[in-house]
Amino acid sequence: MYGVKLYAVPDDVDSAIQKWHSLNFDTLFIGQGCKNDTAFLKRLQQEGFFVNLIEPVFLADEKLDEKFLAVTKNGSPASQSWVRFVCPSNKKWLSNFFKRIKNDSKLCVNSLSLDFIRFFQFWEILTPADTSDILQETCFCKKCTKQMKKFSSEAEWRCSVINGIAKKARSIITKYGKTKQMGLHTVPWKSTTFNGGAKKILGQDLEALSEYVDFFTPMTYHHMMKTDVSYIGELLDDFSERTDKKIVPSVQLKKYYRDEDIPMEENEQAINTALSHGNNNLVFFQWNDIDTNQDITALLQNTAEKIIKQ
Ligand SMILES: [Zn+2]
């Protein structure tokens with residue numbers, strides 16, 4: 001898979017499609033905002049793109065009442081900036097999610113890709129060099145605390161919640177989507193990062209989840225995590241040692257959460273590292289950042305030519 005994340009249907013679909021072909025993209029990860037445009041979805045199939053519909057699980061918008069959010073260890077709601085997470089014991093929320101998965105399994109797309117399928121954390125503003133004691137643990141509401149006690153550890157409970165959702169989503173997709181694939185977005189932490197935080201705090205157990213997914217999409221946004229480009233390679237190597245499923249790293253090209261721009265040479269290094277350690281799979285975050293920047297477009301044009309030669 002080589003392509004881009006797209007969160008809205010472009011104003012000029014013909015022009016966008018022509019650009020995607022010229023950049024050698026064969027894959028699109030589309031947001032929920034694109035799924036009701038049937039003509040657009042059909043066109044993407046006709047054009048030969050492999051289309052993944054992104055399915056957020058626990059992310060709440062700013063309008064959702066705080067009482068539905070997960071609870072941190074100190075009793076505050078799981079809310080920081082735009083990152084707001086629903087309590088994982090909220091049965092109504094989950095049953096609505098599974099209904100959506102059932103309906104979306106029938107859409108004209110090739111795959112559903114689960115996003116925000118984890119416990120709360122504003123990981124985008126953390127760096128792996130931070131100590132694990134700054135991580136926020138959830139959920140300590142009454143219901144979750146009771147559930148937790150049935151397990152040998154909080155970590156085990158968290159993984160079982162996430163694995164259970166992946167398992168059920170997989171069975172719904174297989175039943176109603178037939179050959180549709182299922183992807184899963186992961187936080188870009190290695191098994192050793194934050195002392196095993198991906199599993200213990202976020203509930204993302206790569207080995208267990210491998211049973212249900214066709215591919216993982218780690219968000220290897222090295223610049224926002226303030227790491228070197230080499231972190232992308234280390235992360236992908238760590239993942240591929242733990243799963244035999246396809247790994248499709250997501251790469252950022254524009255700065256987020258930082259004042260410093262990403263030098264174009266650094267973007268080039270990030271792309272090369274992701275492609276070489278990710279078995280030529282890569283998805284860019286996101287189309288607007290490419291389409292609105294001539295230098296980035298030019299860089300991807302060069303990359304496209306290299307990919308053709310391989
Ligand atoms: Zn809870």
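Analyst: A residue counts as buried with 20 or more other C-beta atoms within 10 Å of its own, exposed with 12 or fewer, and partly exposed in between (C-beta atoms are placed from the backbone). This is a predicted model, in which local features need pLDDT of at least 70 and side-chain atom pairs count only at pLDDT 80 or more, while totals for chains, interfaces and linings use all residues. Residues are numbered from 1 along each chain as its sequence is written.

User: What is the phi of Ser-81, and is Ser-81 buried or exposed?

Analyst: Ser-81 is not a glycine, yet its phi is positive, about 55 degrees. With 10 other C-beta atoms within 10 Å, Ser-81 is exposed. Ser-81 sits in the loop between strand E4 (79–80) and strand E5 (83–84). Asn-280 also has a positive phi, near 65 degrees, and is a residue other than glycine. Asn-280 belongs to the loop between H9 and E11, and it counts as exposed because it has 11 C-beta neighbours inside 10 Å.

User: Why are H8 and H9 called roughly parallel?

Analyst: Helix H8 (residues 230–242) and helix H9 (residues 264–277) pack at about 15 degrees, and their axes are 9 Å apart. Angles under 35 degrees count as roughly parallel, and H8 and H9 are therefore roughly parallel to each other. The H8 side of the contact is Ile-232, Gly-233, Leu-236 and Asp-237, and the H9 side is Ala-270, Thr-273, Ala-274 and His-277 (contact means C-beta atoms within 7 Å). These residues comprise four nonpolar, three polar and one charged; Asp, Glu, Lys and Arg count as charged, Ala, Val, Leu, Ile, Met, Phe, Trp, Tyr, Cys and Pro as nonpolar, and the others as polar.

User: What makes up the largest nonpolar core?

Analyst: It has 79 residues, and Ala-70 and Ala-166 have the most contacts inside it. Helix H5 (residues 154–177) gives the largest share of this core, eight residues. Such a core is a set of buried Ala, Val, Leu, Ile, Met, Phe, Trp, Tyr and Cys residues joined through C-beta atoms within 7 Å. Leaving out residues up to four places away in sequence, the residues that Ala-70 touches include Phe-85, Val-86, Phe-120, Thr-138 and Cys-139.

User: How do you know that the peptide bond from Thr-138 to Cys-139 is cis?

Analyst: Its omega is near 0 degrees. Cys-139 falls in the loop between strand E6 (111–115) and helix H4 (142–148). The peptide bond from Phe-285 to Gln-286 is cis too, with omega near 0 degrees, and Gln-286 is in the loop between strand E11 (282–285) and helix H10 (287–291).

Methods
Axes fitted to C-alpha atoms, helices over the stretch in contact; angles between N-to-C directions. Helix = DSSP H or I, 4+ residues; strand = E, 2+ residues; numbered from the N terminus. Parallel < 35°, antiparallel > 145°, perpendicular 65-115°, else oblique. Contact = placed C-beta atoms within 7 Å.
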